[in-house]
Amino acid sequence: MYDAHHSMYAMKKEVAVMANPLHYALFASCGFIGSQHDFAFFKKHAGETYTSYLRKTRREKLLYPEYQQDDCWATLWDSGYRGNAELLFPKITVPRHADCHSEEDVAEMRLIAAKRVVVEQFFGRMKKLWLLTMKPYPFHDRHFDMDADNMILLTNEHIASLRLDDADDSFYRRWHNSVVVKKATQQNKRKKQVEDYRARKRARVTRSNAGLLGGAGGEDSDMDGVGNTDGDSGDVDGDAAAGEPIVVDSSDTESETQFERGKPGDGGVRAPAMQGGRQGGGAQHDSGLHGDGQHGDGQHGDGQHGDGQHGDGQHGDGQHGD
């Protein structure tokens with residue numbers, strides 16, 4: 001539903017306004033999604049919508065004999081409707097500045113634009129009257145057509161008592177410019193957030209690599225929580241010392257994994273491939289924390305089997321089995 005031209009997610013309606021005073025809205029299409037191009041919708045529905053109304057009567061052909069070669073009245077469209085379409089009525093599109101190569105072309109472009117300005121004036125008047133058109137539609141999209149048609153009809157009634165003027169066009173253009181500026185501000189903010197994130201990520205990788213190069217000479221036997229071990233055990237970023245999530249790179253595992261660094265003995269974390277722990281203390285056994293951080297439950301029976309008390313007279317003095 002994203003409308004790239006207006007830089008917003010939107011539902012759109014095609015509105016046809018009279019070129020002559022009082023510039024009422026004559027037609028309003030059903031709502032269609034913003035991602036659909038205006039001209040694609042026009043080619044699909046223009047024949048059944050406008051042809052019968054634009055067909056000239058016999059009296060009109062007599063009043064304007066210079067236009068008798070056309071069976072239907074012409075229509076003016078903005079540059080978004082540029083292209084070929086099989087239509088029974090003439091379609092005049094506002095030319096682009098790049099297509100104006102002479103003063104006559106520029107004069108024709110200005111004449112067509114002056115005729116088409118009533119469309120912006122109508123939308124400006126409608127936005128002045130109805131706050132609902134100035135913000136995202138808050139209701140279900142099944143009510144969109146009914147609410148929009150009611151606002152268009154009531155705007156026609158307001159125009160009957162107060163005609164369109166340049167102030168309506170200025171109001172519409174100010175609103176449209178504010179939407180464009182707001183969207184550009186959001187895009188720039190998002191771009192800065194992405195750049196800041198990438199800079200922080202590069203800094204973390206640089207510090208991690210520096211730590212690995214500095215500690216590559218030997219094995220760390222100080223197992224404080226989940227520490228760094230030698231090459232094959234998986235390298236842990238030094239920034240995680242405060243309990244931050246540790247990320248195992250997807251090049252070493254099949255999928256990117258995150259886990260919280262635990263304390264010795266909390267039993268909730270199994271660290272990757274610990275080889276250099278204290279074998280006698282039982283706090284780290286083989287590949288990390290075994291059980292709840294101690295051998296078995298940290299005590300053998302009720303004794304002190306795994307914490308260095310096994311061979312100093314505590315095994316046979318009644319503490320082994322009680």
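Predicted model: local features only at pLDDT ≥ 70, side-chain atom pairs only at ≥ 80, totals over all residues.
1. Which residues of α4 are buried? They are F144, D147, A148, M151, I152, T155, N156 and I159. In general, an α-helix has 3.6 residues a turn, so residues three or four places apart point the same way.

2. Helix α3 (residues 103-129) and helix α4 (residues 144-161) pack at an angle of about 100°, and their axes are 10 Å apart. Angles of 65 to 115 degrees count as roughly perpendicular, and α3 and α4 are therefore roughly perpendicular to each other.

3. On the α3 side of this contact are F122, R125, M126 and L129; on the α4 side are M151, I152, T155, N156, H158 and I159. By type, the contact residues divide into 6 nonpolar, 3 polar and 1 charged.

4. A separate point concerns F39, which lies in helix α1 (residues 38-54). Is F39 buried or exposed? F39 has a relative accessible area of 7% and is therefore buried, the cut-off for buried being under 20%.

5. What does F39 touch, leaving out residues up to four places away in sequence? The residues are G80, Y81, R82, G83, N84, A85 and K91. One of these, R82, is 43 residues from F39 along the chain, yet the C-alpha atoms of F39 and R82 are separated by 7.4 Å.

Notes: Residues numbered from 1 in each chain as written. Heavy atoms only, no water. Axes fitted to C-alpha atoms, helices over the stretch in contact; angles between N-to-C directions. Helix = DSSP H or I, 4+ residues; strand = E, 2+ residues; numbered from the N terminus. Parallel < 35°, antiparallel > 145°, perpendicular 65-115°, else oblique. Contact = heavy atoms within 4.5 Å. Nonpolar A, V, L, I, M, F, W, Y, C, P; charged D, E, K, R; others polar. Buried < 20%, exposed > 50% of the residue type's maximum accessible area, 1.4 Å probe, protein only.
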